[in-house]
Amino acid sequence: MSMPSIPESEWTVMEVLWDTSPQTASEVAKTLNQSKGWAENTVRTLLTRLVEKGVLEIVEKAGSPRLFAPAVKREALVKAESETFLERIFQGAAKPLLVHFASNARLTPDEVRELKSLLDQSIEKNKP
């Protein structure tokens, strides 16, 4: 299944459900009303869109309201969004992306060491 691109508002709904699921539309709306001030109808619209895109599923339980749960893992959508971003902004080239973030992000010494380690692992993994 190819992952659809989802806008920030839908991503926010997914974060709530990745954190705790399954949940009813009212439960999700309550959480998002508190943090974002969103109305329940807005949340229900976003839930419907996410179900239509296949990233949310409705969990059937007899005699209870509809429950929503993620149909995909967060990591799968992060990977898809990252690939789309890389292609759209950096024409698919990883080096300019890494240079941009290394030059503009405020990285701690621990984060720099971790990134160096990941790059070293990448070199080892790609050796012939």
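Q: How much of the protein do buried residues make up?

A: A residue is called buried under 20% relative accessible area, exposed over 50%, and partly exposed in between, with a 1.4 Å probe and protein chains only as cover. In this predicted model, buried residues make up 25% of the 128 residues. Residues are numbered from 1 along each chain as its sequence is written, and side-chain values use heavy atoms, with hydrogens and water left out. Because the model is predicted, local features need pLDDT of at least 70 and side-chain atom pairs count only at pLDDT 80 or more, while totals for chains, interfaces and linings use all residues.

Q: What radius of gyration does the protein have, and how is that value to be read?

A: The radius of gyration is taken over C-alpha atoms, and the rule for a globule is 2.2 Å times the number of residues to the power 0.38. A compact globule of 128 residues would have a value near 14 Å, whereas the protein has 19 Å. Along the principal axes, its C-alpha atoms fill a box of roughly 60 × 35 × 25 Å.

Q: Which secondary structure elements are present, and in what pattern?

A: Elements are DSSP runs numbered from the N terminus: helices are H or I with at least four residues, and strands are E with at least two. The protein comes to six helices and three strands. Along the sequence they follow the pattern α-β-α-α-β-β-α-α-α.

Q: Which residues touch the most other members of the largest nonpolar core?

A: A nonpolar core is a set of buried Ala, Val, Leu, Ile, Met, Phe, Trp, Tyr and Cys residues joined through side-chain atoms within 4.5 Å. The largest one here has 21 residues, and V13 and L47 touch the most other members. Two or more residues each come from α1 (8-19), α2 (25-36) and α3 (40-53). Of the contributing elements, α1 gives the most, with six residues.

Q: What does V13 touch?

A: A contact means heavy atoms within 4.5 Å. Leaving aside residues up to four places away in sequence, V13 touches V28, L32, W38, L46, L47 and L50. For the protein as a whole, among contacts between residues at least 6 apart in sequence, 51% join residues at least 24 apart.

Q: How many salt bridges does the structure hold, and where is one of them?

A: Side chains of opposite charge can pair when their charged atoms come close. A salt bridge is a side-chain nitrogen of Lys or Arg within 4 Å of a carboxyl oxygen of Asp or Glu. The structure holds six. One of them joins E40 and R44, whose closest N and O atoms are 2.7 Å apart. These two residues are separated by about one helical turn because they are four residues apart in helix α3. E40 counts as partly exposed, at 33% relative accessibility, and R44 also counts as partly exposed, at 37%.

Q: What distance separates the closest N and O atoms of D110 and R113?

A: In the salt bridge between D110 and R113, that distance is 2.4 Å. Both residues lie in helix α6, three residues apart, about one turn of the helix. D110 has 52% relative accessibility and so counts as exposed.
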